[in-house]
Amino acid sequence: MTSNPTVPSNVMPEVAESHCPYCALQCGMTLSTNGAGEVEISGNAAFPVNRGALCVKGWTAAATLRHPERLTAPLVRDERGEFRQASWDEALGRVASAFRTVQERHGKDAVGVFGGGSLTNEKSYLLGKFARVALQTANIDYNGRFCMSSAAAAGIRSFGMDRGLPFPIEDIARAQAVFLVGDNSAETMPPLMQYFEEQQAGGRTLVVADPRLTPTAQRANLHLRLIPGSDAALVNGLLHILIRDGMVDTDYLDARTEGFDRVKSEVATYWPERVERITGVAEAELTRAAHLLGNAESAMILTGRGTEQQAQGVNNVSSCINLALALGLVGKANSGYGCLTGQGNGQGGREHGQKADQLPGYRRIDDPAARRHVAGVWGVDEASLPGPGKSAYELLDSLGREDGAKALLVMGSNVAVSAPHLNNVAERLGALDFLVVSDFFLSETAALADVVLPSAQWAEEEGTMTNLEGRVIRRRQACEPPDGVRDDAAVICELASRLGKGNHFTYGSVEEIFEELGRASAGGPADYSGISYAKIDANDGVFWPCPDEEHAGTPRLFAEGFPTASGRARMFPVRHEDPAETPDDEYPLYLTTGRNLAQYQSGTQTRRIAELVDISPTPVAEVHPATARQHGLLDGGAVRLTTRRGHADFRLKVSRGIRGDTVFVPFHWAGRQAANRLTNPALDPTSRMPEFKVCAVRIESMEHATVQSNTAETHPETATEGPSS
Ligand code: SF4
């Protein structure tokens, strides 16, 4: 047995069927290695999710593997505070020593761990186990908290479990009506659009709610251009109309749900004229949308980050779930509610113990039976397992403070770009006694670290991912990592060994980690215990739950009942609340943020790929022509956006597709182009999701300053803190 779970090079195939490293669609890819050892990508037409299609991010993903900026040796700070290359022995020695010192001085919870939604299931699981067993800290969370945690919380409280889509993606094509709330798949996961195109064929309808006329909204039969932050009022208004017009499924409500009466009383106050005032969506459009859904024989309501990343995110999703339940859609063929999860392993990453309040198998860490079971698998005393820790932003906000972590391990996350209120996050990272970051590039977060550990990437490693359907799939190794690079799983095991807990972290292969994950998840909501690498290989992946070897997996959930105490779905009345900030005289517009086609999340990878930079070289702020006129802004000119938390600079795009009271910016850039310098860290009270999608902003032209000085301070494209490629 070894504590270095890697795959020997002599089993490396010349062609590997694997998956894209980026989003949760996890498009199937065929990876071929050419004579020069370079990986070439083609779409895997046999994989039933993308059916051969890839977006531009997928096609160019191999560019990161042999990129000149790739880290190939650990970095440590010298006495002058500069990075120098170090051996693995020195780097890991420094990390273990710093963790021991901090814990001796300040207690176990003074070392924090911050994981990522792109890590494989095996790494996510191992990182959670490392925090609870090797460090015994409560403080572990991950960037998935910034992604879909509101949908997860709403799903758990209503259905008793959270799986992004409770049905295979192919069902979308057969739904008579689809209502997309706050999702822009045409840019974030373009191969998914083939299902909407099929769905729309033959007169079936797509309704999109979004403050912008996004490429997705352009394809809709009806676009509801709502005011940012008014989502729950909009959906309550639709339910009001459906109840008023006798279009809800009373048999289903009686047989399969509880709590409808309270929901009905709440939505009674959301009459269309009132909803039009709150949302900006005309009464006629509300009625048309409600009737399109109500008259459909099958319908789906799907949410994205637009409605989830708000301080009312859980309520927003609950209003959508109420609508789906009132129409009798959940568990019915080609129908239901689903969340279009964003990050590559956003689904699996939230199931196996990276979250502050969870243990593997989607178990609660404060559940005595769950603690007993997992402690048994790990061979530790259940009393030694810590309790719930701080959520992602709360953990970051606490760094260096009296009750916060003094040392932090970041793995697979770039919080110096992806967290809200970045000026505060940068200050808190600077207040740490010790920061260690594992990444394959010197990300903006890694650049702040005391020690940087160069990690292997997607095509260089084995493992599993779980896509947005809950389908567990294989990530397969196609090439060796560069010399000097190590796999994160091996690094975690080695660090555990240096902290005196190596006996709990001995694995002969990555598959062995997966097998232990399966045992730890057994009996939990996300039960992987019947899934094996061989079963995944023999199928196109396996849908969880899969509780035993004979079980084929569960593509469709809720057909018979819900895993709640009563077996019924629970409905919760939702009241519209204003966002934490609304426009005023000083900050007269709404700011909303999102993604664009050629960049991905914090841009650590995609800002380094020339083809993607050519398409999307710089962040562009989008405003309506009337807003541009009112504020004296020129199309293509330089603008500064300012909120109560800071300012950031952008190029301006004038577009009739956006509301006049709203500015949109993408969040993939760093430094003076970082949208998250502006965003509000107000948290949803249940999911602890920050309010990335709404705050109040002021916009000013920087053209005069640009012409006069032409300096990096005023010109976004010459800012020195911008993209590194
Ligand atoms: Fe990769 Fe997502 Fe694009 Fe598919 S849609 S190629 S998974 S980024």
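This is a predicted model: local features need pLDDT of at least 70, side-chain atom pairs count only at pLDDT 80 or more; totals for chains, interfaces and linings use all residues.
Residues are numbered from 1 along each chain as its sequence is written, and side-chain values use heavy atoms, with hydrogens and water left out.

Helices (H or I, at least four residues) and strands (E, at least two) are DSSP runs numbered from the N terminus. Helix H3, residues 121-135, has 15 residues and spans 20 Å from its first C-alpha to its last, close to the 21 Å expected, where the expected span is 1.5 Å times one less than the number of residues. H3 bends by about 25° at Lys 129, the bend being the angle between axes fitted to the seven residues ending there and the seven starting there. Because 15 of the 15 residues of H3 are buried, the helix is largely enclosed by the rest of the structure; buried means under 20% relative accessible area (1.4 Å probe, protein chains only). Just after H3, Gln 136 takes a positive phi of about 55°.

Five strands form an open sheet in the order E10-E9-E8-E12-E13, with parallel pairing, where two strands pair if DSSP finds at least two bridges between them. Strand E10 (222-224) and strand E13 (336-339) are the edge strands, each pairing on one side only. Strand E12 (residues 299-303) is joined to E13 by four bridges, and the two run parallel; Met 300 stands opposite Gly 336 in E13.

Technical notes:
Buried means under 20% relative accessible area, exposed over 50%, partly exposed in between (1.4 Å probe, protein chains only).
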